Amino acid sequence: MLLPLLERARLGDPLTRYTDPEFTAPELTALIPCSVPAPGEQYRFHFDMTKCIGCRCCEVACNEQNGNPADLRWRRVGEIEGGTYPFTQRHYLSMGCNHCVDAACLKGCPVEAYTKSDLTGLVLHSADICIGCQYCTWNCPYGVPQYNPERGVVGKCDMCHNRLADGDEPACVNACPEEAIQIEIVNIAAWVADHSTANAPGLPPAHETISTTRITLPAQLGPELEKADHTRVRPEHPHWPLVVMLTLTQLSVGAFAGLALLDVARPIAAIAALLVAFLSLGASTLHLGRPIHAYRAIKMWKRSWLSREVLLFSLFAGSASAFAGATLFGLPRVAAIPTVLLGLAGVTASAFIYLVPARPAWNNWHTLADFHLTGLVLGPAFLRALGVNVPVALIASFAALQLFNQVLKLLRLVSSEEFELRASARLLSQDLKRILVARLALLVIGGIGLTLADFPIPALILALAGELAGRYLFFVSVVPRNMALPWLTQGRLTQGRAA
Amino acid sequence: MNWKRLAGIDNLSEEYAYGQDPVHGYVSAKKIADKWVATTCGYCSVGCGMLVGTKDGKAVAVRGNPEHPVNLGKLCPKGLSEHYTLQAKSRATKPLLKRNGKFEPISWDAALTTMVEKFRGVQAKYGAGALGVISTGQLVTEEFYTLGKLVQLGFGTSNFDGNTTLCMASAVAGYKRSFGSDGPPGSYADLETADVILLIGANVADNHPILCGRLEKNKKATLIVADPRVTKTAMLADIFLPVKPRSDIALLNGIAHILIRDGLVNRAYIEAHTTGYAELCAFLEKFTPEHVAQVTGLGVETIERVAMLYGRAKAATIGWTMGVNHSTQGAETVSAINNLALLTGNIGKSGASPFSITGQCNAMGTRETGFTSGLPGYRKFESAEDREELAGIWKIDVERIPTARGLSYPDIIEAALAKKVRALWIIATNPVVSFPNYDVLIQAFENLEFLVVQDGFHPTPTTELADLVLPAAVWGEKEGTYTNSERRVSKVNKAVEPPGEARSDFDIFVALADKLGVCAEIFPGWTSTRDAFEEWKKVSAGRLCDYSGMTWEAIEREGGIQWGGERLYADGQFETVDGKAKLFKVECEPFPEQPGGGFPLILNTGRTVEHWHTRTKTGEVAILDSMSPRAWLEMNPRDAKKLGLKMHDEISLVSRRSRVDAIELRLTEIVAPGQVFMPFHFAETNVNRATQSAFDPISREPNYKQCAVRIERTPSAGRVN
């Protein structure tokens, strides 16, 4: 980055490039700082809600600046509304990236595509390092990083830091006709101590990631202002490769655990479970925008649960291969222990990926229980279908536990005070109702009924279908935290209803 | 998608690369232009200066021009993405003639020959007036001047009007009534120097966002906004007046009543520069604060306070747009606004004017060069002197200039319905979406023998009905001038070539004159719009809108030139016969279709910031379309509860005329109980199927803002999510 700022910036006059000698540039309000941050400081946005008229110039200017597709916007203008006519209040939030002190996107990234600049404090993302795993899009409570399917990578607002370095205003700052967006310098320690002005109606609480955006709110803001889009709750992306990957890795781990506990000398079952593991790990790379760079994902194992998951499942696959090969030679039972431990650790790492505050419906022990119970139902059922003598009562008990786990989670969603959790419950009980009923029915019929009646193959097929449906629901029914968005968005008709 | 991209080796880093633009700095490499052309925005009448960047002959970027005094480098979201309109997939590229119900490409020569033959045929059979022409506010002034001469002197019909009658005809008529001439007296600068700004029926935050910067800068002013809906603009107000629909006249009269009662009028100004004061005083006696409170729904104290603020202001500006104009009493409402300005002398000085904020980029240009509701240069059809003068300049027989205006836009449609107008030429407008009472319009079109639509875009709902489509160049592809709301004439320049065989409207007009055999007479030696400008300078010389001192070069250099200077009527001399402005007695009448009889709600229509009029342009700009992809209907939750309707339900809007199905319902306190609001941009859910054929008897402007409707769930519908 070119620093220090060019002389023009110190003059505070980005208009000097227009060289008409007869034109005297109007005096500008300083919308960008004239210096770089000192040590212990960083750049931040200031958004003045009292000035914003919701014209959305900043959004268009941002897309033009970054050459992004029309439906992918790094700066977004949201609406908040409240009050009773004629004392109605409607205000706008224009937000890019908040360049948080404790950035959640950065902490989760398995490949270190994110860096927080020492010089400017900006949270920057590299499209060349990014492998398109989209984990950051689940971690950010503001919905800032956005996946660009055309490129296979994520992208986000970088405060036009290359323009700042040249002394030019970022595109949004430059475009705003109301001068509602400014760049400021903030002392990080002071901000960590008091960042109350980062909060606004329509935003998740700032303390979780210590958003640095300062917001000037109108003096008389009603208490009941709500996100204008709070009634528009839509299913999220299903992430099919992950549905398959999670369910099958869990099955495979469960199967190896079963083999270890019950009967190690079953090479066919071991090899079959191993094939399932490879199939599922292969499927997982299809989730990536850039599958060829999947190997990079283990890089940040010290920090990222995604890296840990990849690492642990890679070790699991290696260990399981050795174990499966060795079963042909009648190994002692202890030889299965490393495989089982690595597998269980892998499933635990999988679950921890989803324990993120930005996705409240995932962020609880039900996720951990869900993933392990899937393995404990499907693994033994898989073995039994292959003729291994697993007690049917064991499988049915795990299925019953999974049922209990699912029902308890639903009850918690329904009774929650938290908007995102209630919204998840609403999705499950309305748009996704049929799939939810099917998921529970398959679990009961396959995991309990057919298992106890000893039809092992149909039991496995139905139970597997149930857990796949469960994992699908896991992805689509989560309602992420986000900033307020406009009431009107690209829409679609959902369920038809007779008049 | 290629395999490299699928594997992730390629992440389109070249396409998403950045670079240094020599003028605008670090930016997406796709947006770096090799040439920047200064021009004026082609959407609304704010008249922002902009730079269009081209690369290899294609427009790749747009920037606000920081040197232009109107916008100082800022643009609204439509302006910021205007370059995309030039490459829209739906650009018209070939003349098309409908044969057996299907469009077939045809040469320009054959197209114009056919057009002239058909028009001449209809005129020979049914009379000259059987040809109607409906123009626009989108052409350059030079083209409007050319078109006026072609229609009146070439085709010989005076049944000629523009879509400007759907927009600001009431302002024109109101100005003419009060001041003797059209012409907004003030400037945008007044918004920065006024101490009281009263906006009536004007949602500038959505419709003219670049003007909001001036309101923001003027910290000392009290901003008062009167609107039945809590618009984005209402949120900017210091005092918001949630008036009942069409009670604005009562409010204006009530303010005038208090001003007179409390001696807050400027007696010296009234004495010297107005007529009708005594009659007005007597008339206003009945508009007591209590009566006005009852009509408007406002409190007595609020009305008193607003009157005091206006009466005591050193300089007060009243701005208005369609909330006033779109009314059967539009022209009269403008008179009532002008009354307030005249009573207090708030006209002709800094910060003080009754200011109509115009609609289209060059609605003003067509008002000036006219030949629709007036003769070019704000001359009057009725004035023998004006007709003689014009005939003298043109060296033609004065008999060729009509003594009265022909049919206005709605009357042309009525005449087509009655089979009196039998052929129609529509230029750069889309009545199928924008004209009220769709069914009547379609019937009128069905009665025509020949319909020509000249437009930059095809298909549009209107071009689809045409017998002949003429592809025209649009903003960015031609040269001339636009006049904005504050009378600033700004230069419009060509950045790129029109697509395919599309030609500039000017070229089409001159070619038609040639076919008619009148080219040598009416456009002698004309090859470009500059020739039209030079003649227009002579025609406008000495008139209120005097261009005689201007040159294209000076206009360009100075960032536009305001005809009449910064403000009109500074000397208190008006364009009336006696030089005095007229005060009008304006009754406050109820709007024509009151709720009731199965239609309990009042429908209000309007705009949203992302779109322009009927979306033939903005619907083609991906980012605008993605931000505002479809229509919605705003309803108060209390009304919805009674009807058992929920947020996002698919509903139908039903009026006595017709119905509009499959609209997404927005429950919001933005609208008052008893009222609903719907944007008018969307052809797919066209609110003008529901609006009524009710027109201002003076201005002929439609009453879009109120009609009676009911809302019901769309049969077998679901919810939009």
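How are helices H15(A) and H16(A) oriented to each other, roughly parallel or roughly antiparallel? They are roughly antiparallel to each other, where angles under 35 degrees count as roughly parallel, over 145 as roughly antiparallel, 65 to 115 as roughly perpendicular and the rest as oblique. This is a predicted model, in which local features need pLDDT of at least 70 and side-chain atom pairs count only at pLDDT 80 or more, while totals for chains, interfaces and linings use all residues. Residues are numbered from 1 along each chain as its sequence is written, and chains are lettered from A and ligands numbered from 1 in the order in which they are written.

**Helix packing in chain A**

- Helix H15 (residues 433-452) of chain A packs against H16(A) at an angle of about 150°, with the axes 8 Å apart; axes are lines fitted to C-alpha atoms, for helices over the stretch in contact, and angles run from 0 to 180 degrees between N-to-C directions.
- The crossing of H15(A) past H16(A) is left-handed, a term used if the near helix is turned anticlockwise from the far one by less than a right angle, with right-handed used if clockwise.
- Among the residues that make this contact are A:Leu442, A:Gly446 and A:Leu450 of H15(A), together with A:Leu462, A:Gly466 and A:Leu473 of H16(A); two residues are in contact if their C-beta atoms, placed from the backbone, lie within 7 Å.
- The contact of H15(A) with H16(A) has 14 nonpolar, five polar and one charged residue, where Ala, Val, Leu, Ile, Met, Phe, Trp, Tyr, Cys and Pro count as nonpolar, Asp, Glu, Lys and Arg as charged, and the others, Gly among them, as polar.
- Helix H8 (residues 240-262) of chain A also packs with helix H16 (residues 456-476) of chain A, at an angle of about 130° and with axes 9 Å apart, which makes H8(A) oblique to H16(A).
- H8(A) and H16(A) cross in a right-handed way, and their contact includes A:Leu242 and A:Leu246 of H8(A) as well as A:Arg471 and A:Phe475 of H16(A).
- By class, six nonpolar, one polar and two charged residues form the contact of H8(A) with H16(A).

**A sheet in chain B**

- Three strands of chain B form an open sheet in the order E3-E4-E5, with antiparallel pairing; helices (H or I, at least four residues) and strands (E, at least two) are DSSP runs, numbered from the N terminus, and two strands pair if DSSP finds at least two bridges between them.
- Strand E3 (35-40) and strand E5 (58-64) of chain B are the edge strands, each pairing on one side only.
- Strand E4 (residues 49-55) of chain B is joined to E5(B) by six bridges, and B:Met50 stands opposite B:Gly64 in E5(B).

**Domains of chain B**

- Chain B is divided into domain 1 (96-163 + 361-562), domain 2 (169-357) and domain 3 (601-713), with bounds that come from an automatic or database domain assignment.
- The C-alpha centres of domain 1 and domain 3 of chain B lie 31 Å apart, and 16 residues of domain 1 of chain B are in contact with 16 residues of domain 3 of chain B.

**Where the chains meet**

- The contact between the chains takes 66 residues from chain B and 64 residues from chain A.
- On the side of chain B that touches chain A, H9(B) gives the largest share, five residues, and the residues of this side comprise 37 nonpolar, 15 polar and 14 charged.
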